[in-house]
Amino acid sequence: MLDRQSAYTANLTAIPIPQPVTPPQTSIVSDTVLTVMDIPALVDSADDLHLVTAMSGETDAWAGAALQRSLDAGATFATVNSSTLNAVMGILQAPVTAASPHYTDATNVVEVLLYTDDEIEEISEQAFRSEGGAFALSWNDSGTQRWELMQYRDAELIAPKTYRLTTLARGRLNTEAAAHPVGAVFVLLDGAIQAHPTQSAWIGQDVTHRAVSTGHTPDGA
């Protein structure tokens, strides 16, 4: 018997493609990235002799670290303090040229790859004019690591852990608005950084610091 093809129907649905499974976070504790900065006092109450430190995990598998200091070239160390606050730190991905500290720098772009999956938020013009969005960016001065304090207003996530910061204020707190090469260290100056009092007797003396990740031994730091 002949019949029309349209008399026969089938309700078929495609099997959905499974979503990729997010792998669990590694259980291997990350090493700590430590930065020790000799920078001007960020607030009037801290106008004394001190160093500023920031610590971050090299990866997201980080639960804090102990900061240790040595005054005998690393023969012995004493623990200064410990912290579980992950500082927003990263590495500069494109060079930044020198600029005037007297005008807003609308030419340069600070493109930074963060160590951990942190968020950098853009701020309002009012917050920018009120010294918000402060960060430190390193530069090399004849073999000595120095720091320029800067501010950003606009922040854009352009790739995983990679931000582009624009509308910059340069040379804050009388630091030099210098050129910064690829690989310069970026530190967001927020509540995760810490100030540590120092002594005038240490002036001219080498002071060694290391950071021991929670779960690691000091010998491996």
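At 0% relative accessibility, Ser56 counts as buried (buried means under 20% relative accessible area, exposed over 50%, and partly exposed in between, with a 1.4 Å probe and protein chains only). Ser56 sits in strand E2; helices (H or I, at least four residues) and strands (E, at least two) are DSSP runs, numbered from the N terminus. A quick word on where the values come from: this is a predicted model, so local features need pLDDT of at least 70 and side-chain atom pairs count only at pLDDT 80 or more, while totals for chains, interfaces and linings use all residues. Residues are numbered from 1 along each chain as its sequence is written, and side-chain values use heavy atoms, with hydrogens and water left out.

What does Ser56 touch, once its neighbours within four places in sequence are left aside? Ser56 is in contact (heavy atoms within 4.5 Å) with Asp31, Thr32, Val33, Trp62, Asn86, Ala87, Met89, Tyr115 and Thr116. Val88 is 32 residues away from Ser56 along the chain, yet their C-alpha atoms are separated by 7.0 Å.

## The three-stranded sheet

Strands E4, E3 and E12 line up in that order as an open sheet, with antiparallel pairing; two strands pair if DSSP finds at least two bridges between them. Strand E4 (78-83) and strand E12 (208-213) are the edges, each pairing on one side only. On average, neighbouring strands here are turned by 25° against each other, direction ignored (axes are lines fitted to C-alpha atoms, for helices over the stretch in contact, and angles run from 0 to 180 degrees between N-to-C directions).

E3 (residues 65-70) is joined to E4 by five bridges and to E12 by six. Arg69 makes a handy landmark: its bridge partner in E4 is Ala78, and in E12 it stands opposite His209.

Nonpolar side chains tend to be buried together in soluble globular proteins. Here the largest nonpolar core has 18 residues; such a core is a set of buried Ala, Val, Leu, Ile, Met, Phe, Trp, Tyr and Cys residues joined through side-chain atoms within 4.5 Å. Val110, Ile120, Phe135, Tyr152, Leu165 and Phe186 have the most contacts inside this core. At least two core residues each come from strand E6 (110-114), strand E7 (134-141), strand E8 (144-159), strand E9 (162-172) and strand E10 (185-188).

Take Val110: leaving aside neighbours within four places in sequence, Val110 contacts Leu92, Val96, Phe135, Met150, Tyr163, Arg164, Leu165, Leu168 and Phe186. Another core of 15 residues lies apart from the largest one, and its members include Val33, Met37, Ile39 and Ala192.

The largest pocket has a volume of about 670 Å³. For the grid details, the search uses a 1 Å grid over the protein atoms alone: a cavity is a set of points where a 1.4 Å probe fits but cannot get out, a pocket is an open set with protein on both sides within 12 Å along at least five of seven lines, and lining residues have an atom within 4 Å of a point. Grid points are joined across faces, edges and corners, and a volume is the space filled by probe spheres set on the points. Of the 24 residues lining the largest pocket, Val36, Met37, Asp38, Ile39 and Leu51 are the closest to its centre. Strand E1 (32-37), strand E2 (50-57) and E8 each give two or more lining residues, with the largest share, four residues, coming from E8.

How many cavities of 30 Å³ or more turn up in the whole structure? The search finds one. The largest cavity holds about 40 Å³ of space, and its lining is Thr53, Ala54, Met55, Ser83, Leu85, Ala192 and Gln194. E2 gives the most to that lining, with three residues.

## Two positive phi values

Ala73 has phi near 60°, a positive value in a residue other than glycine. Ala73 lies in the loop between E3 and E4 and is exposed, with a relative accessible area of 71%.

Thr167, in strand E9, also has a positive phi, near 55°. Thr167 is buried, at 15% relative accessible area.
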